[in-house]
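This report describes selected local features of one protein model. The sequence and coordinates are shown first, and the discussion follows by topic.

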Amino acid sequence: MKLEFYNCPQPEEFNKALIKDAPAFLDYRPDFSKIHSITEEYKKYKNIVVIGHGGSITSLQGMYYALHQFSTKHLYIVSTIDPDYIAELKKSIHPQNTLVIAISKSGETVTQIEALLQFAEFPLLAITSSMGPLLDVAKQLLGRVVLHPPIGGRFSGMTEVALLPAAICGLEVEAIYNGAQVWYKQFADNNAAYQAASILRQLEDRGTVDVFMPIYDSHLFPLSSLIVQLCHESFGKDGEGQTYFTHHAPESQHHTNQRFFGGRKNIAGWFMATDQPLTDAITTVPKGLQNIPLKDNHMLALDGIPLSAALRAEMYGTLEDARLQNIPVIAQSIPQRTPQEVGGLIAFWQLYAVYSALLRNVDPYNQPQVENSKKISFAKRLQQKGLI
């Protein structure tokens, strides 16, 4: 993984005193023999429907779409109770060819249970705690239960929460896990995740409260949900923290570049890309089109240029513009979307979130402002039923 910093302050010296207790996810090792055994048990299903919210699904979503060219299954993630979406999904699947995986650490997320009940006739695998409504529902529906480890959802990417569904989809989960270990082993030492966290913390102190994240890889873009969750839930509290907003690039250049370059000067850029795609294509300009004017040249100028090189030019054109305008910007890239690199990328953002919280003196692992709206929403359901 490569990180480049432009127009940024120097990272602060790594302070080991800041790292008092290692996060639980660093030392957790999933039971791979059990993962492979369960994967074999469910290999006949060609469709996998995963029902969950937040950390229960964001790591899996990032893994699957980054590596879906290696997958042997179709994965559908249900993180909504939108009735139209659920109805359309159910038209395309059947209990004979579809496994439903319900994931919730608490087991009492109301919308997750409501969504699950729409699939009550499907075979079920539940990943949840040893007590709670989801566990009881799974038992009543004769589903299999795998216990959720005692690790918060957004940090559970290298546990059965994400790795078991990923394995069922055919991904190389041990390679993903090993890629994460490379970063986990650096936690108590100076590393790029700490340096980035230190730089962004300093930028926030100087008034940079927004971070624009264009992602120049369509397959990495679904990982953005995990990145935003890790940043907002881990250190967006007690009046601290920046807003991270991700966009699919280069499409973002046609709208959000206007805000990035022309709006308030309270923004940094964080560009993400893959150096080498798994496949490439060369632009060929037919003879009859070669003399058509294009910019200050002709269409022939595009002939023979790989799309990967053109995409890289789009990213570095925008990055260079930011550099020239003295806008703080980070460029992050992985060599290629391999299981090891994707695992490492997830681990990088987990460490970045923890360091960012510790540097702001807030708890990385709680999310106190998330719960109140859930209570209000459940009360409104009771009002609908006339129960309160």
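## Backbone with positive phi

Asp 238 is located in the loop that runs between α10 (224–235) and β8. In this predicted model, the phi angle of Asp 238 is near 55°, a positive value in a residue that is not glycine. The side of the fold on which a residue lies can be judged from its accessibility: Asp 238 counts as exposed because its relative accessibility is 65%, and the exposed class begins over 50%.

Asn 7 also has a positive phi, of about 55°, although it is not a glycine. Asn 7 is placed in the loop between β1 (2–6) and α1 (24–27). With a relative accessible area of 31%, Asn 7 is partly exposed.

## A cis peptide bond

The peptide bond leading from Ala 249 to Pro 250 is cis, and its omega is near 10°. Pro 250 belongs to the loop between β8 (243–248) and α11 (256–262).

## Two buried serines

Ser 104 is part of strand β4, which covers residues 98–104. Its relative accessibility is 4%, so Ser 104 counts as buried. The side chain of Ser 104 reaches the backbone nitrogen of Gly 107 at 2.9 Å. Beyond its neighbours within four places in sequence, Ser 104 is in contact with several residues, including Ser 56, Thr 109, Gln 112, Ile 127 and His 148. Thr 128, Ser 129 and Leu 134 are also among these contacts.

Ser 71 sits in the loop between α3 (58–67) and β3 (74–78). Ser 71 is buried because its relative accessible area is 17%, and the buried class lies under 20%. The side chain of Ser 71 reaches the backbone oxygen of Cys 169 at 2.8 Å. Cys 169 is also one of the residues that Ser 71 touches when those up to four places away in sequence are not counted; Tyr 64 and Leu 171 are the others.

## A nonpolar surface patch

Leu 294, Leu 302 and Ile 305 form a nonpolar patch on the surface, and together they have about 200 Å² of accessible area. Within this group, Leu 302 is found in the loop between β11 (297–298) and α12 (307–324). Leu 302 is partly exposed, with a relative accessible area of 35%.

Notes
Residues numbered from 1 in each chain as written. Predicted model: local features only at pLDDT ≥ 70, side-chain atom pairs only at ≥ 80, totals over all residues. Heavy atoms only, no water. Patch = residues over 30% accessible without salt bridge, like charges linked within 9 Å, V, L, I, M, F, W, Y side chains within 5 Å. Areas by Shrake-Rupley, 256 points an atom, 1.4 Å probe, with all protein chains shown as cover. Salt bridge = Lys/Arg side-chain N within 4 Å of Asp/Glu carboxyl O. Helix = DSSP H or I, 4+ residues; strand = E, 2+ residues; numbered from the N terminus. Buried < 20%, exposed > 50% of the residue type's maximum accessible area, 1.4 Å probe, protein only. Polar contact = N/O pair within 3.5 Å; in protein donor to acceptor, adjacent residues only side chain to side chain. Contact = heavy atoms within 4.5 Å.
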